[in-house]
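Q: Take a close look at one helix in this protein. What surrounds it, and what comes after it?

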Amino acid sequence: MTWSGWFNHGAPAGGFAGGPSIVSRNNTVCNIYVRGADNALWQKAFWNGAWHDWGRHNDGGVLASEPAPGSMGDNHEHVFVRGTDGNVWSKAWTGSGGWSGWFNHGAPAGGFAGGPSIVSRNNRVCNIYVRGADNALWQKAFWNGAWHDWGRHNDGGVLASEPVADTMGQEHEHVFVRGTDGSAWSKAWSLVPTVVLHLKILTAPTSFTVDQMVQAMRTVYASRGINVALGSTENLNLPLLTDLDVGGCTMGSTTTEQNQLYGNRANVGNDHVAVYFVRSTNPPSNGCAAFPAGRPSCAVSSTASSWTLGHEVGHVLGLPHVTPTDRLMTGGGTWNVTNPPPDLDGAETTTLVNSALTVNV
Ligand SMILES: [Zn+2]
C-alpha cells in the first residue's frame, strides 16, 4: 500500500468557489460536489470504474456555502447547503427516484454562520450541525422517519469555526470545532436512555410555555443521564371535546373521555409517550397519568407547574409518589422547588432507565 500521485479532476466551466466535498455511498461510486462560480451545485461522478465529466444541477438552486454531501445507504445520497435566505437546504438522490427538488430545513433561532455539516451514523439517522449566530453548536436531526426541530447544545461551548461532524460506528457520532482558544475541541455522542415525547396541545398552558415545561423536564432527567426527545408537536382540535376535562385519574381505569382523547396517537411509536395539554383535569390537579393499556400517555392541565410534565411522564414510566415536596415525584402539597431542581434518586433513576418506554437512541 502506498499513496498515488496527484490526479487532476479539472473544474466546472467557469470554475468554483472554496473547496470540494465528496461522498461515496458505496464501494463503486464517488461523487465530488462543489459550489460553482455561478453559485450552482456542480457534480463530478465516479461510477462504472471511471470518472465522468462535470455536470451542473440546473434546478434553480443558488448556493451560499460549499456543499456538504452525505449518504444514508448504498442507494441514497444527499447534499446540504446554505441557501441565500440563510436557511439550510438539501436535495437527495435515490437509485429508484433520481434527484429530488430542494428541501428547506430552516435555521436555528437567530440564524447561523457559514455552511452546514452533516453526518449519518447509520441508515436511519442524519444530523445537521451548524455554528449558530450565538456561536453555540446547533443541531437538527432526522430519526424515526422524520426531521425534528433545531436544538441548541446548551453546554457552554463557544465555536470559533464551523463544526465538522463524523462517525466511528453505527451508534457513535462526534463533532469537532475550533474553540475560542485556538485549539481543536470535540464532543461525542453515544447511546443514551431516551424518553420520546409527542406533545398534543388542546389548550396551551397559562403559567409556563410548553417549551419551558420541556426544558424543566430535561433539566431534571438530564441530571440522571436520561435524554428527553421531542418526537412531534401538534395542535389538537377535537370538536367534540372543546370543553374538555379529563375525568378521574386512576391508573388502569380510564374514562370514555380519556379513551377518546388518548386515541389521538398520530406519529406516536409504541414505546413513545403522548402528552395531552388540556384545559383542566377533574378532580382538579396539575395533570393525570392514567392511560389506557397500550397507549402510554398523560395529561397536563393548563394551570400546571413547570415541573408537571416531568412528574406525569415519571408516573407513565413507572414512578410512584414520594413524600418530600421538593422532589419531582412529590405526591402532595405545594411544590416547594428551590435550586437545585428536584432530584431523581437512584431507585427512581433505575426505574426510569429500565422502563420499556425508555429507548436507547
Ligand atoms: Zn403525581
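A: Helix α3 is followed by Gly318, whose phi is positive, near 115 degrees. Helices here are DSSP runs of H or I with at least four residues; strands are runs of E with at least two; both are numbered from the N terminus. This is a predicted model: local features need pLDDT of at least 70, side-chain atom pairs count only at pLDDT 80 or more, and totals for chains, interfaces and linings use all residues. Residues are numbered from 1 along each chain as its sequence is written.

The helix spans residues 308–316. Of its 9 residues, 8 are buried, so α3 is largely enclosed by the rest of the structure. Buried means that 20 or more other C-beta atoms lie within 10 Å of a residue's own; exposed means 12 or fewer; partly exposed lies in between; C-beta atoms are placed from the backbone.

Now the wider setting. The protein is divided into domain 1 (16–190) and domain 2 (194–360). These bounds come from an automatic or database domain assignment. The centres of the two domains, taken over C-alpha atoms, are separated by 35 Å.
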